[in-house]
Amino acid sequence: MSVIVKEYSNVTELLKSIDDSISDLRKTLGEYLRRIEELRVKAEQEAKLKALLGKLGLTTAPPPNELSLRSVRVVVNPTAEQELGSLEGALENLNAKLTQLTSIRKELDVLASLGDVGVKIAVIYVDGVPKSVLIRIT
């Protein structure tokens, strides 16, 4: 978990920062979706090959290429299926973050009525998502 405090000199700056984060997340999601589609095709091909080898009487045991450390999974030379599963999990997390940011952006739209009044804004971000907005009138 990362915690960052950013300061803004006006509401417009804050909203632009959130819009930029949303835009970056959408771009990243698009890239991940493209990679996932490529991996799905590869995983299907691997599954067909395994099925064909099974029909021929050849069994292939999965290689012991995965180990779990305390809080991280390490995979050496991952299969397309293993890589696909990992990327799908990452995609779900990014999508949840995008949904949160979009929702927060809509809620903070109300602050736009402040305009560029003399305020200082401090935002506490947890994992890139605003959790607290502190407005100081100057």
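Helices (H or I, at least four residues) and strands (E, at least two) are DSSP runs, numbered from the N terminus. The views below show a predicted model, in which local features need pLDDT of at least 70 and side-chain atom pairs count only at pLDDT 80 or more, while totals for chains, interfaces and linings use all residues. Residues are numbered from 1 along each chain as its sequence is written, and side-chain values use heavy atoms, with hydrogens and water left out.

**View A. N77, a non-glycine residue with positive phi.** Let's start in the loop between β3 and α2 (80-108), where N77 sits. Its phi is about 50 degrees, although N77 is not a glycine. N77 counts as exposed because its relative accessibility is 68% (buried means under 20% relative accessible area, exposed over 50%, partly exposed in between; 1.4 Å probe, protein chains only).

**View B. D127, in the loop between β4 (119-126) and β5 (129-137).** Here is another residue that is not a glycine: D127 has a positive phi of about 55 degrees. With 38% relative accessibility, D127 is partly exposed.

**View C. N10, between β1 (3-8) and α1 (11-55).**

**View D. V72, in the loop joining β2 (66-68) and β3 (73-75).** V72 has a relative accessible area of 44%, so V72 is partly exposed.
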